[in-house]
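Please open the structure in your viewer and keep the selection tool at hand. The tour below moves from one selection to the next and says what is there.

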Amino acid sequence: MATSGEEVSNMQVILKDYVTGFPKESDMHVKTGSIKLKLAEDESSDNAVLVKNLYLSCDPYMRGRMTNSPVDDPDFSPFTPGSPIVGHGVAEVVDSRHPGFKKGDLVWGRKMGWEEYSLIKEPEKLFKIHSTDVPLSYYTGILGMPGMTAYFGFYQVCSPKKGERVYISAASGAVGQLVGQFAKLMGCYVVGSAGSKEKVELLKSKFGFDDAFNYKEEHDLVAALKRYFPEGIDIYFENVGGKMLDAVLLNMRFHGRIAACGMISQYNLQQPEGIQNITTVVFKRIRLEGFIIFDYFDQYRKFLDFVLPYIREGKIVYVEDINEGLEHGPSALIGLFSGRNVGKQVVKVTNE
């Protein structure tokens, strides 16, 4: 077992260079360096914390950060080639020079390097983990960024009402599986789409969706949605974009709401697909709103107070797809874009 101040090996997942088109495992490589488990006693470590990463989150938005495209939001700025990729994770504090954190604290946040140990220079953006009666990996998913995305995206952006008709694309993923369960708790009619027979069955048998379909088996998405929503869609939780969004627009009801959470079908295209039916937004008075969950992080306590009791009572369930070992991180991340994962994709770095 490593001791304070000892120099230990530090495996890292490094981005080789910016990516064009569909990302490959070979766009990253795994290397091992070293790190001291004691922060320097100088200004370079003021208010910093050193953490041991336990779980790392694979999220679709990370694809955008592999591209050298200018963005206005620093949280989505490009990764640095030759350095570890960065994302959300769960970690244990090894050393701290910040008054709000001490050795042994469990934390989650969005500045975790894909490595065994990370130096966090802005620990104010970390959340302390107080409830450990649930799996720690949940803080990469249902109790972390994806859970908050589902909660605030559905309840605040979509403004749902009991009995409304809700459609969710990429419904078996980290966010979609929760949106569906939240909608059912409200008494909505819920249909989801996914990319395999296994995932469709999961939506109906595990998550309680009223119905689900495999979009890969549908040659006419407009007709498919009409079949499941003969009276139209009130709420669409958008995770896919492209042809799916176009088909949904023609099936929306008057005064429908669309929460634009993500558009995974577009992330690997050099020329994104255009939307043909956007004028539907006008004459059907549809509200289409994009949102970023970081805007809601100050309401984390409200979210926890809502979701933890449901988890403990078994009224909300969560499915994870956990890859063990940081060396398998590139494979896990790339698998997101071909739909290989079933549930929330997580990389387990080390034993808790």
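Select Thr140, which is buried at a relative accessible area of 2% (buried means under 20% relative accessible area, exposed over 50%, partly exposed in between, with a 1.4 Å probe and protein chains only). This is a predicted model, in which local features need pLDDT of at least 70 and side-chain atom pairs count only at pLDDT 80 or more, while totals for chains, interfaces and linings use all residues. Residues are numbered from 1 along each chain as its sequence is written, and side-chain values use heavy atoms, with hydrogens and water left out.

Thr140 sits in the loop between strand E7 (127–128) and helix H1 (145–157); helices (H or I, at least four residues) and strands (E, at least two) are DSSP runs, numbered from the N terminus. Now show the side chain of Thr140, which has a polar atom 2.7 Å from the backbone oxygen of Ser137. Beyond its neighbours within four places in sequence, Thr140 is in contact with Tyr55, Ser57, Val90, Pro146, Lys344 and Val346, where contact means heavy atoms within 4.5 Å.

Next, select helix H3 (residues 197–205), whose buried residues are Lys199, Val200, Leu202 and Leu203. They lie on the same side of H3 because they cover an arc of only 160 degrees around the axis, the arc being that of the directions from the helix axis to the C-beta atoms. These buried residues pack against strand E9 (189–194) and strand E10 (211–214).

Turn to the other side of H3, where Lys197, Glu198 and Ser205 are exposed. Finally, pick Glu198, which counts as exposed because its relative accessibility is 53%.

Note on methods. Polar contact = N/O pair within 3.5 Å; in protein donor to acceptor, adjacent residues only side chain to side chain.
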